[in-house]
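Trainee: I am new to this entry. Please show me how to read its ligand sites, step by step.

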Amino acid sequence: MTREKIYLFDTTLRDGQQTPGIDFSVEDKIAIAAMLDTFGLDYVEGGYPGANPTDTAFFSQNRTQKASFVAFGMTKRAGVSTSNDPGLAQLLQANSDAICFVAKSWDYHVKVALGCTNEENLGSIRESVEAAVAAGKEALVDCEHFFDGYKANPQYALACAKTAYEAGARWVVLCDTNGGTQPPEIRDIVLAVIAAGVPGSALGIHAHNDTGQAVANSLAAVEAGVRQIQGTLNGIGERCGNANLVTIIPTLCLKETYASRFDTAVNTDKLVELTRLSHAFDELLNRSPDHQAPYVGASAFATKAGIHASALLKDPRTYEHVEPESVGNFRKVMVSDQGGKANFINELKRRGIEVDKQDPRLDKLISIVKEREAGGYAYEGADASFELLARRTLGTVPDFFALEGFRVMVERRFDANGHLKTVSEAVVKLAIDGTPIMSVAEGDGPVNALDLALRKDLGKYQTEIDDLELVDFKVRILNGGTEAITRVLIESSDDTGVRWWTVGVSENIIDASFQALMDSVVYKLMKNRQLAGKIAAE
Ligand SMILES: CC(=O)SCCNC(=O)CCNC(=O)[C@H](O)C(C)(C)COP(=O)(O)OP(=O)(O)OC[C@H]1O[C@@H](n2cnc3c(N)ncnc32)[C@H](O)[C@@H]1OP(=O)(O)O
Ligand SMILES: CC(=O)C(=O)O
């Protein structure tokens, strides 16, 4: 069987820019385009030159990409010639290898949105493509609302696709703009387009995720014959997003049904960078990666069920559909109240803690974890607190300092300027080598005051915690009413870039926070001495 190539077209910088809450700067666009290019995609759509100052500036940059760099914009307006359409002129002049025109292919839209005749719209498509080709650019046409348009008026939708193709478009991209089409409909309509004379080798798919089917629809289109897929990093895009390339690419590379027939520009050597790429993109967007994202999520290869863990440790293939390393992710066997000995032994081993299956301290640790989780703790999200608990149960945590007590006061009072202000003040009493230390601090709130007081004077350890930073603080009320229990999760990091999570649980939010803060500080001191935090990748 001859192998065929599936071309990968990224529209993160264009459709992704239409995501509510996402606004790229020119610098963001430069950084993301470089990430996409390094990963090896065929096409990178940079935006819409002329539509806004960011995109215009981005398209005036010098470029060094290997990927084909694409400018997006609409076909010329009806009633003006190509040489008199300022929007088209900006597209033709933009520093790009290709132009992707968005064209109406649903007659209802032609009438309502464009207000021109069907023939005028076909003329706009034809002349715009011809102008792009004459300017030495590769032309692509995104047939907007193609599937809805086909259902309403198949002849007209097909005429739009054929006009684009016959005018010289390298790719005619069938768009499920409203995202409501289902995989069998996609397959049937793509087959009809091919039967009408546009070959699959010139067809692309652009699917939106409004029914959660964007990836399935893209793959259904490939199955029917299209050879280009448009999508975005982590599936961002208008409304519910676009087809997620971070899911589609490993599926094409690793799943036999596709890998046996198709090649993509991203080969299996490159694929190991996928998890890093996906997380780096989230980092740039300043949002947490989705733990349950297929292939790249932190939970994608995690198991907390004891029965699964036991089999997984005998042979990972028992519960994994691909090897985590193939996409740059890793296996995680978690400890929780769902876990048996296999989970614990594996997790302890990963942390450099050897313990025998028959060791009674292991049984003790398991029963403490299960009992605490029943009381509200969640150790699978608090790796550092789990490690400290394990090491305390095994008796290997030094007594760095002893807590003698703390007090927190919240007061609403007038300040020196006569303004009403709420002030939080905390006092923390510790003992180090028998010497008492008392610290007082004011903070934005009671937990902040407590944190500042705890870390204000740690005696001989003070310089060691200078680079300790609290990155995130999450509070969860576990049951409502007057008997509510609060779980606090704290994420910390230091200059080494390592992050760790600690947990505290109590009826009292201050108490829960203080437990998590104390664990964070002790873990940092352990880590500094290489007594904790040595994680071995599985
Ligand atoms: C399905 C998609 O995702 S398509 C991409 C959508 N993305 C965007 O729209 C983001 C960038 N867009 C913009 O910044 C602006 O819409 C611009 C700069 C392109 C145009 O702005 P304006 O000239 O003020 O027009 P406005 O946005 O109000 O309306 C769109 C116009 O384009 C026309 N138009 C829409 N699609 C097409 C098309 N495929 N071919 C020709 N004309 C079109 C509409 O008829 C409308 O014309 P009108 O102003 O005469 O009614
Ligand atoms: C072009 C495009 O983004 C769409 O039709 O959804």
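Mentor: Start with one term. A polar contact is a pair of N or O atoms within 3.5 Å; within protein, one must be able to donate a hydrogen and the other to accept it, and residues adjacent in sequence count only if both atoms are side-chain atoms. Here, a polar side-chain atom of Q18 lies 3.1 Å from an oxygen atom of ligand 1. For R77 the distance to a ligand 1 oxygen is 2.9 Å, and for R14 it is 3.3 Å.

Trainee: How much of the accessible area of ligand 1 does the protein cover?

Mentor: Accessible areas come from the Shrake-Rupley method with a 1.4 Å probe; for residues, only the protein chains shown count as cover. On its own, ligand 1 has 1000 Å² of accessible area, and the protein covers 54% of that.

Trainee: What should I know about the model itself?

Mentor: It is a predicted model: local features need pLDDT of at least 70, side-chain atom pairs count only at pLDDT 80 or more, and totals for chains, interfaces and linings use all residues. Residues are numbered from 1 along each chain as its sequence is written, chains are lettered from A and ligands numbered from 1 in the order in which they are written, and side-chain values use heavy atoms, with hydrogens and water left out.

Trainee: Which residues are closest to ligand 1?

Mentor: A residue is near a molecule if one of its heavy atoms lies within 4 Å of it. Ligand 1 is surrounded by 16 residues, and the closest are Q18, T75, R77, V102 and A113.

Trainee: Which element gives the most to that shell?

Mentor: Elements are DSSP runs, numbered from the N terminus: helices (H or I, at least four residues) and strands (E, at least two). β5 gives the most, with three residues.

Trainee: Now ligand 2. Which residues surround it?

Mentor: The shell of ligand 2 holds R14, D15, D142, E144, C175, T177, H206 and H208. A polar side-chain atom of R14 is 2.9 Å from a ligand 2 oxygen. T177 has a side-chain N or O atom 2.6 Å from an oxygen of ligand 2, and for H208 the distance is 3.0 Å. Alone, ligand 2 exposes 210 Å², of which the protein buries 94%.

Trainee: And the domains?

Mentor: Domain bounds come from an automatic or database domain assignment. That assignment gives domain 1 (4-266) and domain 2 (402-537). Their centres, taken over C-alpha atoms, are 51 Å apart.
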